[in-house]
Amino acid sequence: MYYLSIFYFRVSHIKKNVTIYSDGACRGNPGPGGYGSILQYKDKSREISQGFYKTTNNRMELMGVIAALEQLKESCNVHVYSDSKYFVEAINKGWAEGWQRNGWRKADKKQALNIDLWERILSLFSKHDISVSWVKGHADNEHNNRCDELAVAAAENPTKEDENYEKNLL
């Protein structure tokens with residue numbers, strides 16, 4: 001019995017490995033926009049997308065990642081693929097965490113943009129083990145291309161308001 005309980009404990013705490021592809025699109029900047037994401041776990045795949053009446057491209061890139069991570073019901077090992085250098089570099093180079101530490105100020109002392117979304121991302125990142133990779137957009141990655149199709153279709157049929165986009169315009 002003792003060995004079985006140890007085995008159960010170890011197996012029950014193994015994290016699922018999830019892959020996320022995400023992309024954002026915007027018709028004008030600002031303008032109608034959308035995101036598209038694909039979540040993959042084992043042999044299962046799920047697509048999600050959403051369109052917004054007025055937003056920016058960077059906000060849609062971030063929203064795609066947020067929406068995908070919010071689908072996860074437990075802590076997972078996650079690998080995120082994005083064609084957004086804004087997102088990938090802010091995570092991989094530690095910029096987003098630095099902005100947060102500095103009261104949402106960048107190295108040039110200007111206020112960081114999209115603070116509301118970065119706060120959500122960093123909160124979600126604290127719940128999972130996440131790695132991030134850049135993938136070239138509009139190239140030969142079928143999953144990124146599908147996310148782009150989802151994002152463009154969502155931007156063409158918006159259903160939501162992005163209440164905070166105006167706070168993030170230059």
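Me: Is tryptophan 118 buried or exposed?
Reply: Tryptophan 118 is buried in this predicted model. Its relative accessible area is 0%, so it falls under the 20% limit for a buried residue.

Me: Which ring forms a stacked pair with tryptophan 118?
Reply: That is phenylalanine 87. The two rings are 6.4 Å apart, centre to centre, with 15 degrees between the planes. The pair joins distant parts of the chain, as phenylalanine 87 belongs to helix α3 and tryptophan 118 to helix α5, 31 residues apart.

Me: And phenylalanine 87, buried or exposed?
Reply: Phenylalanine 87 is buried, and its relative accessible area is 0%.

Me: How many aromatic pairs does the structure hold?
Reply: There are 6 aromatic pairs. One of them is formed by tyrosine 86 and tryptophan 118, and it counts as edge-to-face because the planes of the rings stand at 70 degrees, with the centres 5.5 Å apart. This pair also links distant parts of the chain: tyrosine 86 sits in helix α3 and tryptophan 118 in helix α5, 32 residues apart.

Me: What is the relative accessible area of tyrosine 86?
Reply: The value is 22%, so tyrosine 86 is classed as partly exposed. The limit for a buried residue is under 20%.

Me: Which residues form the aromatic cluster?
Reply: One cluster consists of Tyr86, Phe87, Trp99, Trp118 and Phe125.

Me: Back to α3, then. Which of its residues are buried?
Reply: The buried residues of α3 are Phe87, Val88, Ala90 and Ile91. As to the spacing, an α-helix has 3.6 residues a turn, so residues three or four places apart point the same way.

Me: Now the largest nonpolar core. Which of its members touch the most others?
Reply: The core has 34 residues, and those touching the most other members are Ile20, Leu69, Val78, Phe87, Ile91, Trp118 and Ile121. At least two residues come from each of β1, β2, β3, α2, β4, α3, α4 and α5. Helix α2 gives the most, with 8 residues. In soluble globular proteins, nonpolar side chains tend to be buried together.

Me: What is leucine 69 in contact with, neighbours within four places aside?
Reply: Leucine 69 is in contact with Ile20, Val78, Leu124, Phe125, His128 and Ile130, once those neighbours are left aside.

Me: Last one: where does glycine 31 lie?
Reply: Glycine 31 lies in strand β2. The residue is buried, with a relative accessible area of 6%. Apart from its neighbours within four places in sequence, glycine 31 is in contact with Cys26, Phe52, Tyr53, Lys54 and Thr55.

Me: How far apart are glycine 31 and threonine 55, in sequence and in space?
Reply: They are 24 residues apart in sequence, and 5.5 Å separates them in space, C-alpha to C-alpha.

Definitions and conventions
Residues are numbered from 1 along each chain as its sequence is written. This is a predicted model: local features need pLDDT of at least 70, side-chain atom pairs count only at pLDDT 80 or more; totals for chains, interfaces and linings use all residues. Side-chain values use heavy atoms; hydrogens and water are left out. A nonpolar core is a set of buried Ala, Val, Leu, Ile, Met, Phe, Trp, Tyr and Cys residues joined through side-chain atoms within 4.5 Å. Buried means under 20% relative accessible area, exposed over 50%, partly exposed in between (1.4 Å probe, protein chains only). Helices (H or I, at least four residues) and strands (E, at least two) are DSSP runs, numbered from the N terminus. Contact means heavy atoms within 4.5 Å. Rings of Phe, Tyr and Trp (its six-membered ring) pair if their centres lie within 6.5 Å; planes under 30 degrees apart count as stacked, over 60 as edge-to-face and the rest as tilted.
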